[in-house]
Amino acid sequence: MELICPAGTPAALRAAVDAGADAVYCGFRDETNARNFPGLNFSRAEMAEGVAYAHARGAKVLVAINTFPRAGQLGLWHGAVDDAVAAGADALILADVGLIAYAAECHPAQRLHVSVQAAAANPDAIAFYVEAFGVKRVVLPRVLSVPEIAAITRAAACETEVFVFGGLCVMAEGRCSLSSHATGQSPNMHGVCSPASHVSYRDDGNTLVSRLGDFTINKFAKGEPAAYPTLCKGRFRTGIGAGYIFEEPVSLDAAEMLPGLKKAGVTALKIEGRQRGRAYIASVVASFRAALAALEAGRPITGAGLTAMTEGQTTTVGAYRKTWR
Amino acid sequence: MPSEQPARRTAGHEEAAADMPGRVPLVVQLALRPLPLLPLQPILAATLKAVLANHPGIFERLGPHAGKRFGLAPTDLPLAFLLESLPRRPRITAVRTLPARLDVTIRGSIAALIGLVDGGYDGDALFFSRDLVVEGDMEAVVALRNAIDDAQIDLVREGCGSLGPLAAPAERLLRSLLPRPVTDPGAMPWN
């Protein structure tokens with residue numbers, strides 16, 4: 001299985017490649033990718049340099065252009081596709097059907113992947129992307145169990161890729177409007193969930209209060225692990241009690257699920273975290289590289305041991321082990 | 001509806017503590033308290049000059065946030081730093097107390113703050129573990145963090161560079177006191 005690693009900056013790309021990534025995914029410094037944060041991402045020149053660095057060391061670069069173009073502003077997204085192809089990207093990670101059609105028509109030789117933002121979670125949806133646009137891989141949403149992934153992979157006429165580590169998006173990816181509701185900006189259209197411009201923290205030495213727009217997202221007692229200020233992982237008081245009404249601030253760590261994912265026929269394993277620093281990238285990539293080596297050698301996988309790196313300082317195997325009634 | 005809660009693992013106290021930066025011992029903090037800050041100023045100025053000369057792309061990544069005033073407050077030292085990121089006249093000043101009107105305040109142990117600069121620690125992980133406190137303009141914080149992380153600054157080496165013949169021993173001494181960055185190939189693994 002390939003290890004697909006995040007990079008928000010050229011330095012992070014180099015760290016990922018050096019730590020053993022088979023491929024690195026990254027985006028341009030604008031609204032065309034779902035991590036459009038201040039100071040993050042790649043200029044056109046940096047993308048070309050990053051591709052050259054990765055290729056020289058046997059790694060691939062996948063360019064994420066995984067937001068949905070706004071009406072009347074298609075040029076920004078079409079330009080990103082053209083520029084990523086020109087930079088030598090090994091694949092484009094796309095979410096919008098219209099943009100996938102543009103890429104398939106204008107760059108027929110370019111390898112295309114369906115982003116998790118497209119929420120293609122069943123064989124019929126995947127078959128549409130394969131038959132209509134010739135996509136080669138689909139990144140599956142983080143709401144499926146391992147048996148479901150195995151069934152989808154068996155039925156799919158393309159490769160599948162799944163997340164194994166990092167922040168968990170608990171909503172229908174590419175469809176979530178919580179950030180838009182709170183701030184007017186969303187990961188789907190603007191490339192940013194819970195934008196920093198709308199975030200504030202107040203720490204009086206005991207309690208940390210996080211706010212997003214007009215909403216108080218959480219209050220963390222002294223010593224309690226903190227979390228991102230996203231509505232989906234906020235703690236609220238409601239008519240039926242107080243607590244986390246959508247999801248607790250936990251992160252995915254599916255290291256122990258690697259044998260099952262291999263058996264399911266998954267082609268690639270993805271690490272979340274383009275917004276994270278080099279220390280995170282180097283450490284998580286190296287840890288999963290070691291886990292994959294253990295898997296290949298038939299040794300037991302002892303777990304990535306990366307809990308202290310994670311949101312809420314707590315990890316979960318998420319939906320991979322969830323059963324439904 | 002899910003009928004069974006997936007397994008969860010929370011970082012134990014020992015695991016988290018082992019991964020996080022240490023603090024300057026109290027006795028050292030007390031010993032430093034009466035010392036004047038003025039002698040620090042030329043070292044800080046030379047360090048900033050070296051960093052900017054070696055990493056000119058920092059301001060480009062800071063974008064519209066260049067020019068903002070950042071307060072850096074080591075919680076285990078009796079001083080703080082005021083960073084004024086003006087592209088033409090950037091300045092860093094050691095102060096006893098940070099001024100009230102700042103765009104951003106970042107608080108953490110000196111090891112955490114240095115680790116953020118040289119890439120030894122991940123900023124989000126320090127925030128999750130409550131080893132780092134950020135207040136103020138969050139866009140500016142994120143931009144500064146990303147600009148610095150991309151620059152791959154070796155703060156100890158670049159800071160000691162201005163000390164002439166004392167540079168090498170000063171660098172050795174500082175490195176012996178600080179945790180090695182996780183991105184250093186010879187460093188201990190994060191976990």
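In this predicted model, about 4,300 Å² of area is buried between chain B and chain A, and carbon and sulfur atoms give 50% of that area; buried area here is the accessible area (1.4 Å probe) that two parts lose on being put together, summed over both. The interface brings 45 residues of chain B into contact with 60 residues of chain A, where contact means heavy atoms within 4.5 Å. Residues are numbered from 1 along each chain as its sequence is written, with chains lettered from A and ligands numbered from 1 in the order in which they are written. Because the model is predicted, local features need pLDDT of at least 70 and side-chain atom pairs count only at pLDDT 80 or more, while totals for chains, interfaces and linings use all residues; side-chain values use heavy atoms, with hydrogens and water left out.

Six salt bridges are found across the interface of chain B and chain A, a salt bridge being a side-chain nitrogen of Lys or Arg within 4 Å of a carboxyl oxygen of Asp or Glu. One pair is Asp203(A) with Arg130(B), whose closest N and O atoms are 3.9 Å apart. Another salt bridge joins Glu46(A) and Arg61(B), with closest N and O atoms 3.0 Å apart. This pair crosses between chains, from helix H2 of chain A to helix H4 of chain B; helices (H or I, at least four residues) and strands (E, at least two) are DSSP runs, numbered from the N terminus. Both Glu46(A) and Arg61(B) are buried, buried meaning under 20% relative accessible area, exposed over 50% and partly exposed in between (1.4 Å probe, protein chains only).

Over all chains, the search finds 28 salt bridges. Within chain A, Asp83(A) pairs with Arg44(A), the closest N and O atoms being 2.8 Å apart. Asp83(A) is partly exposed at 29% relative accessibility, and Arg44(A) is partly exposed at 32%. A network of salt bridges links Glu2(A), Arg111(A), Arg137(A), Glu159(A), Glu161(A) and Lys270(A).

Turning to the cysteines, the UniProt annotation "binding site", from an unreviewed entry, covers Cys169(A), Cys176(A), Cys193(A) and Cys232(A). These four span 64 residues in sequence, yet no two of their C-alpha atoms are more than 10.6 Å apart, so they gather at one spot. UniProt positions are given in the numbering used here, feature names are shortened, and annotations may be inferred rather than shown by experiment. Cys169(A) sits in the loop between strand S7 and helix H7 of chain A and is partly exposed at 27% relative accessibility. Cys193(A), in the loop between H7 and strand S8 of chain A, is partly exposed at 32%.

No disulfides are found over all chains, a disulfide being a pair of cysteine sulfur atoms within 2.5 Å. Cys176(A) is in no disulfide, and the nearest cysteine sulfur, that of Cys169(A), is 6.1 Å away. Cys176(A) counts as buried at 18% relative accessibility. For Cys26(A), the closest cysteine sulfur is 12 Å away in Cys5(A), too far for a bond.
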